[in-house]
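This report covers a ligand site and the domains around it. The sequence and structure come first.

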Amino acid sequence: MAKIGILTGGGDCPGLNPVIRAVVRKGINEGYEIVGIKNGWKGLIEDDLIKLDLFSVSGILPKGGTILGTSRTNPYKKEGDLQKLKDNYKKTGLDALIAVGGEDTLGVASKLIKDGVANVVGVPKTIDNDLSATDYTFGFDTALNTAMECIDKLHTTAESHHRIIVVEVMGRHAGWIAIEAGIAGGADVIHIPEIPIDIEETCSVIKKRHSRGKTFSIVVVAEGAKFKEGQMVLQEEKLDSFGHVRLGGIGDKLGEEIEKRTGFETRVSVLGHIQRGGTPTAFDRILGTRFGVKAVELVKDKKFGRMVALTGNKIVDVPIEEAVKELKTVDMELYEIAKVFFG
Ligand code: F6P
């Protein structure tokens, strides 16, 4: 029986389990054996595998996270890991591999195909929604709704105490969560990584708002946003195996500056990993399910090196390379819409 391996790599997000379930259900229907690889590429290096059957995926549709576990392991980083991965891929007798991940996991998938190591099909995921070649990644909608609900909650306390509340959301290179949660939650100022923060401008917008009688403001900032001519605020200088630093802290810096320059009492709320948790929204469950089914179809058609993607409302396939070539940053038309409501 032909075998398909499936792994989930990088930051987890709601919607991964619906993909795993769909791959197993569709794969078994098509006569494949499905092998689950634990903790991303790490599982293939360490030969940490489990057989996935209908029982293993029963009841996982509404669960956040991933039943396979995940890691940020890069098999191209440590000497000897790639060879171990190759050996285990062969030993297990995998005919194809479905790699579910963001820019890093799919970047590895793309290299493995080029190097002739494995027959990979990609499935895009990230709460950041910053992958090119797909209109949406699953995980984003759930994170967006979580952030919006938090902004709603912060509104009532900001209003009662007549405070400014700075809400720091995730978004390393692209401000999709910040801009969309900010629009949906009625933020008074939104800062995204794509546009450097002009603190003078931010404070004057807030002061103007307060001069027309408002006694509170909500400022949304993406963790990857930077001050004009300034550096990103880092939580840790340590790099992960893909060379990423840990972001976080821009909210505190921004809050400090706002309070100092406007004289309005300010608080900061960092949403952090809460945005990656919880049960997937209907949108993410459906998108994950559609992606999983399509991924098995791509394996069946031997369309390796391809990634499933959403274009409009259609599930299509695109070269994995295209998705990892450049990041999809916030559409400036959307930013202009958000700006109408600043102040
Ligand atoms: O997966 C994307 C992301 O959620 C980014 O928005 C964030 O910068 C990063 O992951 C956090 O990673 P970690 O879980 O390793 O702290």
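This is a predicted model: local features need pLDDT of at least 70, side-chain atom pairs count only at pLDDT 80 or more; totals for chains, interfaces and linings use all residues.

An N or O atom in the side chain of His273 is 3.0 Å from an oxygen atom of the ligand. A polar contact here is a pair of N or O atoms within 3.5 Å.

The ligand on its own has 400 Å² of accessible area, and the protein covers 82% of this (Shrake-Rupley method, 1.4 Å probe).

## The shell

Around the ligand are Gly11, Arg72, Ile127, Asp128, Met170, Gly171, Arg172, Glu223, His273 and Arg276, each with a heavy atom within 4 Å of it. By class, the shell has five charged, three polar and two nonpolar residues; Gly counts as polar.

## Domains

The domain assignment, automatic or from a database, gives domain 1 (3-139 + 280-323) and domain 2 (141-277). Their C-alpha centres lie 32 Å apart. Their contact (heavy atoms within 4.5 Å) takes 21 residues from domain 1 and 19 residues from domain 2. The ligand lies between domain 1 and domain 2, because both give residues to its shell.

## Basis of the values

Residues are numbered from 1 along each chain as its sequence is written, and side-chain values use heavy atoms, leaving out hydrogens and water. Local features need pLDDT of at least 70, side-chain atom pairs count only at pLDDT 80 or more, and totals for chains, interfaces and linings use all residues.

Definitions and conventions. A polar contact is a pair of N or O atoms within 3.5 Å; within protein, one must be able to donate a hydrogen and the other to accept it, and residues adjacent in sequence count only if both atoms are side-chain atoms.
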